[in-house]
Amino acid sequence: MKREIITTADGSKSIRLPEMDETYHSSHGAVQEAKHVFIEKGLNALPHVKTIRIFEMGFGTGLNALLTLEAAQQQNKHIHYIGIEAFPVALEMALQMEYEHYVSKENQPFFDRLHAAEWNSDQCITPFFTLKKLEEKIQYFVPEKSTIDLIYFDAFGPSVQSDMWNLNILEKMTALLAPGGVFVTYSAKGQMKRDLKSLGLRVESLPGPPGKREMTRAWKGQ
Ligand SMILES: C[S@@+](CC[C@H](N)C(=O)[O-])C[C@H]1O[C@@H](n2cnc3c(N)ncnc32)[C@H](O)[C@@H]1O
C-alpha cells in the first residue's frame, strides 16, 4: 500500500495512506496527540506503578514507544513494551519521521534502535525500556490473560477499519488487562464505549487533544 509523509499542524510528521484517505496520527498534531492521549492520559494515569507492562495496538512509526521510553527514564519507571504491527513501516521511512527531535538529546539515538530492533523477541533498548515488536495481525493474536497494565489502542479509525473496533478485538484487549489495568484510545466511538462497559470496564470520556473533543479511557476493576 502506498504511504506518503505529511506534516501535521504542530509541525511533526505523520504517514498518510492515500488509498484509504487515512493518517497514522491526528492532522492537528501527531506528537501533540500522542503525548496527550497515550502519555498524559495513559502512562501518567498509573503514577504509583513502577514497572509497567504496555501493549500497543499498531506500533506503526514508533512514536508512542519513543515518548514512553523518554517518560520512563524521567519518571524512573521500568517499561516492558509490546507493540503489535501487521504492516511494519520500512526503516527508511520511519527514520524520516525525525521523532528523535521530540525527546532529550540522550534519548535521541533510541529512535533508530526501536526500529532496528529484531522482531518477535524481547530486546533491551535502555535499562528502563524493553521492547517486543510482534509482527502479527491482531485478529490472530492470542492474549495471555491479565499480563498487561496499560493498552495503547491506536488502530486506524473506525470509519476506515471498523473490524479493529469490534467486540471480539475489545474482548481480547480486556482479557489482556491485569486487574487495575487501563485501556486508552484517541477514539470516542459510542459503540466502543458501550462494548467496553459490557465487558466490565469502567469507562471515562476525557477531553481529547486539540482538534478533538473527546477521547476514551477505561479501567479494569481490581
Ligand atoms: C493509527 S496507525 C498507528 C500509529 C502508531 N501507533 C504510530 O504512532 O505510528 C494504525 C497501525 O495499525 C496497524 N494495523 C493495521 N491493521 C492491523 C492489524 N490487523 N493488526 C495489527 N496492526 C494493524 C497499521 O499498519 C498501523 O501501523
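Two strands are taken to pair if DSSP finds at least two bridges between them, and the helices (H or I, at least four residues) and strands (E, at least two) are themselves DSSP runs, numbered from the N terminus. In these terms, strand 4 (residues 51-57) and strand 8 (residues 148-153) pair in the parallel sense over 4 bridges, and E56 has Y152 in strand 8 as its bridge partner. The structure is a predicted model, in which local features need pLDDT of at least 70 and side-chain atom pairs count only at pLDDT 80 or more, while totals for chains, interfaces and linings use all residues. Residues are numbered from 1 along each chain as its sequence is written.

The protein chain holds 6 helices and 11 strands. Its radius of gyration, taken over C-alpha atoms, is 16 Å, close to the 17 Å that the globule rule (2.2 Å times the number of residues to the power 0.38) gives for 222 residues, so the chain is as compact as a globular protein of that length. Along the principal axes, the C-alpha atoms fill a box of roughly 40 × 40 × 30 Å. Of the 222 residues, 40% are buried, where buried means that 20 or more other C-beta atoms, placed from the backbone, lie within 10 Å of the residue's own. Contacts are counted when the C-beta atoms of two residues, placed from the backbone, lie within 7 Å; among those between residues at least 6 apart in sequence, 65% join residues at least 24 apart.

Strands 10 and 11 form a hairpin with 6 residues between them, and G211 in the turn has a positive phi of about 95°.

A second open sheet has 3 strands in the order 1-2-3, with antiparallel pairing. Strand 1 (4-7) and strand 3 (22-23) stand at its edges with a single partner strand each, so one side of each is left without a neighbour in the sheet. Between strand 1 and strand 2 there are 4 bridges, and the partner of I6 in strand 2 is S14.

Helix 1 (residues 30-40) is mostly covered, with 8 of its 11 residues buried. Its buried residues pack against strand 2 (13-17), helix 2, strand 8, strand 9 and strand 11.

Turning to the ligand, 16 residues surround it, the closest being G58, G60, T61, A86 and D154; a residue counts as near if its C-beta atom, placed from the backbone, lies within 6 Å. The elements giving two or more residues to this shell are helix 2 (63-75) and strand 5 (78-85). By class, the shell has 8 nonpolar, 5 polar and 3 charged residues, with Ala, Val, Leu, Ile, Met, Phe, Trp, Tyr, Cys and Pro counted as nonpolar, Asp, Glu, Lys and Arg as charged, and the others, Gly among them, as polar.

Methods
A residue is buried if 20 or more other C-beta atoms lie within 10 Å of its own, exposed if 12 or fewer, and partly exposed in between; C-beta atoms are placed from the backbone.
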